[in-house]
4 protein chains.
Amino acid sequence: GPLPVFILGPCALESEAFAWEMARSVKEIADSTGIPLIFKASYDKANRTSVSSFRGPGVEEGCKILGAIGKELGVPVTTDVHTAEQAEIASEYVDLLQIPAFLCRQTDLLEAAAKTGRAVNVKKGQFLAPWDTINIAEKMRAFGCNSFFITERGTTFGYNNLVADMRSLYWIRKEGIPVIFDATHSVQRPGGLGGTTGGDGELAPVLARAAIATGVDGLFMETHSDPANAFSDGPNQIPLEFLEDLIVNLVAVHHAAHGA
Amino acid sequence: GPLPVFILGPCALESEAFAWEMARSVKEIADSTGIPLIFKASYDKANRTSVSSFRGPGVEEGCKILGAIGKELGVPVTTDVHTAEQAEIASEYVDLLQIPAFLCRQTDLLEAAAKTGRAVNVKKGQFLAPWDTINIAEKMRAFGCNSFFITERGTTFGYNNLVADMRSLYWIRKEGIPVIFDATHSVQRPGGLGGTTGGDGELAPVLARAAIATGVDGLFMETHSDPANAFSDGPNQIPLEFLEDLIVNLVAVHHAAHGA
Amino acid sequence: GPLPVFILGPCALESEAFAWEMARSVKEIADSTGIPLIFKASYDKANRTSVSSFRGPGVEEGCKILGAIGKELGVPVTTDVHTAEQAEIASEYVDLLQIPAFLCRQTDLLEAAAKTGRAVNVKKGQFLAPWDTINIAEKMRAFGCNSFFITERGTTFGYNNLVADMRSLYWIRKEGIPVIFDATHSVQRPGGLGGTTGGDGELAPVLARAAIATGVDGLFMETHSDPANAFSDGPNQIPLEFLEDLIVNLVAVHHAAHGA
Amino acid sequence: GPLPVFILGPCALESEAFAWEMARSVKEIADSTGIPLIFKASYDKANRTSVSSFRGPGVEEGCKILGAIGKELGVPVTTDVHTAEQAEIASEYVDLLQIPAFLCRQTDLLEAAAKTGRAVNVKKGQFLAPWDTINIAEKMRAFGCNSFFITERGTTFGYNNLVADMRSLYWIRKEGIPVIFDATHSVQRPGGLGGTTGGDGELAPVLARAAIATGVDGLFMETHSDPANAFSDGPNQIPLEFLEDLIVNLVAVHHAAHGA
């Protein structure tokens, strides 16, 4: 089967220079490994655990940077939007709008994203069963959007833990809906008394390999040149220095599992 | 201990006449049973499972009706808000702003609600551990709101099921945060292939009794004069005809468990 | 409705003297509060987390002690059995045989217990849905046992946590099966790296109150005169000094919830 | 890395002729694909959902058949044991003793299995966290057994569902404990009102692929020449006719993921 698309980039758009640096590095790796790439970064971390967490440059400034990066490097770009207004603004600059998992059931936001004409990637809520994404797909189609993805990013599993159910990828694809696996958020340990969301960074490559063997249309991984000093989601992001080897491995597993 | 406040009313503001009729009935029952009452109805069901579901009259019209009801009957009123704009509009008419569970982590919405000066009731996300509500409380205080509640409404438990963990009520109260138990949403069976969210209506009184014995600051129950024909959440709402007997029972359990 | 039966006693039969002392104390409290009592203690902790944990005096010696206590104090006694052989031996001395939760699906053990002619209390596995106890009930009836209980003791909820779903009590009773709620094991935090099973002792009275308000046929609580020095399950057992007040409270809640 | 061992065979030892036929077929496939094989069949289904379910020929007869198969075909054989007595009997005929998941915490059974001197494969209880298998490993070592495996076969996930957490394979291996993934039981839908345990047979190959990409020391899959008419676990077993292609695929994924 064809290679899945890789959505890669840092969690947060920490600065303009950082975004450019990450995008150039990721693009180089994509070129050398031959994978289809979408570059990702967030302009606003709108649902951080704690009020004092870093949020980002905001929608206007952030999307302009992403748009310039996409144009210059010839790479599609994506970012997450949190309101109908943001969807409209972002759609002028980015190729793929991402709906955050907590907001996947907000009909007005889905409608606004759908009506921009851009492709839309809806992250599956941690509280949603795989087959419940069919209702999201129906909403998207009803709003005139036929180019959309569902991203699996783990399901609530007791307190402060998520589990990535590989069956979910299979079930959703069977419904004819293209599925992306988010390897770096699926390993989060959400919440906890400390006011930040922890995780298990060494597990993201493991789950990425499992997902690509299972079969996916896309793979989402956050990556950072210096995870220990990332402004958000540090513990889960793939260190940039390991990214190329990981992708080589994932491409090999894909071909072995699903043919060339 | 003092009686918990009862937040009662229909799921949706189906029509102006219906809202008035329900409010008068509920007020009468509150008077005869001696419970503190807040009347509740939603002007917009913004995260319905299916795109074709009934939504409601919208924020302006809905809140005006609620405001008039509150004034005429001398009863505080509440409704749920989904955006910063709605929070501002609703705050002109209602006494208590409710943040939907899926949105409990949207910092901008919490900030907007807090800054209206109204009391705020944040529903705990189905994906949140009890102790993670401490971060919500800290956000509310940071935004200048000191009159807020957390509502427990069940936690994701496998697929298409919620579980109401009674320990949660205890843990959150122990942190000094006033807790409301939502008995009618905690018995939901969210999602499912059929495109609506089902539930177990006969269980809501059972869980209400368990919660009041556990100890709560408030009890939230949706009630309807004709659940079988409700525009939304029909299977879970308490039939109005049974409400008075249920409240008499709950008040007795409260006094037995926690003293007069 | 009639008062539920109370199954009370220490987790482990730590010594003969300790068992007698606990039994006399518990009997006194039962007499003063007017509750129906079954005295409980385990002669073997057969599935401890760690190999070095205390286990107990064994089936012969343990059951003889329990039998003597029951006879002398005029109180029915119960203990848990782990093999067909133990069921037979224990049945000579105790009134109610208890099947441990992990073993609730072992057909041969259920059969052996059923065939002793004694009443049997099957603890519901942490991995079992409430309605799956119907199959256990059918097995018991098929083996000629018509006097049996199902004990709810919490369901696996993520890792190292249990949740007590109060709906379970309602659903199982609705099937005509008498239900006991185990308040002290439902608050366990099973496993953990440390090699012992932890818990939340202050929560057992809270869940007991919730369960009795929900409606049960029996309430199981372990109690100890010195929980901090108990040989097993210390953190979850009700301190004996608080037991009488707790039972007075629970009886009051029962009457308020379900009538005299 | 070296290829994982494959434990393959039918769920139940339905008859002597059937066991031989299955063993010969599976051996042929192992030879042609070059995988290390252990042949598996159960002589007693001791914890069936319903009392009227098929159980098997019993320990003596069943193990003799397995022993003869192993000798004749030159293949190690394994079966599950439910009591200390069975462990001793089975150890005379089979190479690897398997402890059922519900019984993984029964210290006496672990001890009996360990003391036979045979290798032991302990299935991880559906109620156990991955790191809690460290305590099982410590018990095995304390009883003198140093050749043991832990088999992941899914964790309780809400009611009537299991989830296979791929992280578990990684975490347990990291502790130095060899891990087997049971692909056909992990896709079970345990229990349900109907009195049998259902499942999703088409998912077993999917999870097997995910697990082998993740990294395992062994892969357990039940297979049957006619799953629709199997005496037990029919819906989950891999149809024998598809087994060879599946193994070819799994071996390729292993090499791609972990090197030759």
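**Figure 1. Salt bridge between D:Lys174 and A:Glu202.** In this predicted model, D:Lys174 counts as exposed, at 52% relative accessibility. The residue forms a salt bridge with A:Glu202, and the closest N and O atoms of the pair are 2.6 Å apart. Because D:Lys174 lies in helix H6 (residues 166-174) of chain D and A:Glu202 in the loop between strand E11 (198-199) and helix H7 (203-214) of chain A, the pair joins two chains.

**Figure 2. Salt bridge between B:Lys40 and B:Glu222.** The closest N and O atoms of B:Lys40 and B:Glu222, which form a salt bridge, are 2.8 Å apart. B:Lys40 belongs to strand E2 (residues 37-40) of chain B and B:Glu222 to strand E12 (residues 218-224) of chain B, so the contact ties together parts that are 182 residues apart in sequence. B:Lys40 is buried, with a relative accessible area of 2%. B:Glu222 is buried too, its relative accessible area being 1%. Elsewhere, salt bridges with shared partners join A:Asp44, A:Arg55 and B:Asp108 into one network.

**Figure 3. Salt bridge between A:Glu152 and A:Lys124.** Over all chains, the count of salt bridges comes to 44. In the pair shown here, A:Glu152 forms a salt bridge with A:Lys124, with the closest N and O atoms 2.9 Å apart. The two residues tie together parts that are 28 residues apart in sequence, because A:Glu152 lies in strand E6 (residues 148-152) of chain A and A:Lys124 in the loop between strand E5 (119-123) and helix H5 (133-142) of chain A. A:Glu152 counts as buried, at 1% relative accessibility. A:Lys124 also counts as buried, its relative accessibility being 0%.

**Figure 4. Patch of negative charge on the surface, with residues from chains A and B.** The residues that gather in this patch are A:Glu60, A:Glu85, A:Glu88 and A:Glu92, together with B:Glu60, B:Glu85, B:Glu88 and B:Glu92. Helix H3 (84-91) of chain A and helix H3 (84-91) of chain B are the elements that give two or more residues to the negative patch. A:Glu92 is placed in the loop between H3 and strand E4 (96-99) of chain A. With a relative accessible area of 59%, A:Glu92 is exposed, because the threshold for that class is over 50%.

**Figure 5. Fold and dimensions of chain A.** The secondary structure of chain A comprises 8 helices and 13 strands. Along its principal axes, the C-alpha trace of chain A spans about 45 × 45 × 40 Å. A compact globule of 260 residues would have a radius of gyration near 18 Å, and the 17 Å of chain A agrees with this. Of the 260 residues in chain A, 68% are buried.

Figure 6. A:Asp226 occupies the loop between strand E12 (218-224) and strand E13 (238-239) of chain A. From C-alpha to C-alpha, A:Asp226 and A:Val248 are 21 Å apart in space, with a separation of 22 residues in sequence.

**Figure 7. C:Leu109 in helix H4 of chain C.** Helix H4 (residues 107-115) of chain C contains C:Leu109. The relative accessible area of C:Leu109 is 5%, so the residue is buried, the limit being under 20%. C:Leu109 and C:His254 are 145 residues apart in sequence, and their C-alpha atoms are 34 Å apart in space.

**Figure 8. Backbone at C:Asn160 and D:Asn160.** C:Asn160 has a phi near 60°, a positive value in a residue other than glycine. In chain C, this asparagine is found in the loop between strand E7 (155-156) and strand E8 (162-163). D:Asn160 likewise has a positive phi, of about 60°, although it is not a glycine. Its place is in the loop between strand E7 (155-156) and strand E8 (162-163) of chain D.

Technical notes. Residues numbered from 1 in each chain as written. Chains lettered and ligands numbered in written order. Predicted model: local features only at pLDDT ≥ 70, side-chain atom pairs only at ≥ 80, totals over all residues. Heavy atoms only, no water. Patch = residues over 30% accessible without salt bridge, like charges linked within 9 Å, V, L, I, M, F, W, Y side chains within 5 Å. Areas by Shrake-Rupley, 256 points an atom, 1.4 Å probe, with all protein chains shown as cover. Salt bridge = Lys/Arg side-chain N within 4 Å of Asp/Glu carboxyl O. Lys, Arg positive; Asp, Glu negative; His and termini not counted. Charge placed at Lys NZ, Arg CZ, Asp CG, Glu CD. Helix = DSSP H or I, 4+ residues; strand = E, 2+ residues; numbered from the N terminus. Buried < 20%, exposed > 50% of the residue type's maximum accessible area, 1.4 Å probe, protein only. Rg over C-alpha atoms; globule rule 2.2 N^0.38 Å.
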